[in-house]
Amino acid sequence: MIRNLKLVQYNNYCKQKRVVAKLHEKVANQRRDFLHKLSNRIANDYDVVCIEDLNMKAMGQCLNLGKSVFDNGWGMFTSFLNYKLEDKGKVLVKVGKWYPSSKTCSVCGYEKEELSLNEREWECPNCHTIHDRDMNAAINIKRQGLHMLGYDENRGAHGDSSLILSTVVLLSEKPPLL
Ligand SMILES: [Zn+2]
């Protein structure tokens, strides 16, 4: 009797396990689908996309969130984006993860010494602009990415434009050329 009960419990456990695995698969498919749609839209709408070359694994660890929180969704997203842009002769620029995009003032260029992760807003001590952390970082990443392509916002493009549209720039190992 007890043996049978154990068998039933074990069968239920197996059934549950299959249900959970199916759910995981469904969620993973939905997310992949979402990332395909998002990267498609971005690749259609923009000629050059500048992103920060984040190390999500290290970030997960330092935020103490664990690897499963990200499940490398960012890695999947950037690889989709990369090949979709490339297919269209467009460019994905990865700005090195050491570039201080968050703590550099996008208005005057002042670089703050410290900016903790919970500071979502900060005031530049030099020009007193109040920054939204993410918006400020995005402006800097765009500027830095275009700079890496040899494009200057103020002066317009220079250099060989065919080169600009055919090269995927991966300079994460090198310091930005300022
Ligand atoms: Zn400033």
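Student: Leaving aside its neighbours within four places in sequence, which residues is H131 in contact with?

Tutor: H131 is in contact with C105, S106, V107, R120, E121, W122, C124 and N136, where contact means heavy atoms within 4.5 Å. This is a predicted model, in which local features need pLDDT of at least 70 and side-chain atom pairs count only at pLDDT 80 or more, while totals for chains, interfaces and linings use all residues. Residues are numbered from 1 along each chain as its sequence is written, and side-chain values use heavy atoms, with hydrogens and water left out.

Student: Why does H131 count as buried?

Tutor: Buried means under 20% relative accessible area, exposed over 50% and partly exposed in between (1.4 Å probe, protein chains only). H131 has 5% relative accessibility, so H131 counts as buried.

Student: What makes C105, C108, C124 and C127 the protein donors of the zinc ion?

Tutor: Donors are N, O and S atoms within 2.8 Å of the metal (3.2 Å for Na, K and Ca); water is not among the atoms, so sites may look incomplete. The SG atoms of C105, C108, C124 and C127 lie 2.3 Å from the zinc ion, and therefore meet that cut-off.

Student: Why is the site of the zinc ion called tetrahedral?

Tutor: Four donors count as tetrahedral if all angles lie between 85 and 135 degrees. The angles among the four donor atoms of the zinc ion are 106 to 116°, so the site is tetrahedral.

Student: How do you know that C124 is buried?

Tutor: The relative accessibility of C124 is 0%, so C124 counts as buried. C105 is buried too, with a relative accessible area of 2%.

Terms used. Four donors count as tetrahedral if all angles lie between 85 and 135 degrees; four count as square planar and six as octahedral if opposite donors are over 155 degrees apart and all others between 65 and 115; anything else is irregular.
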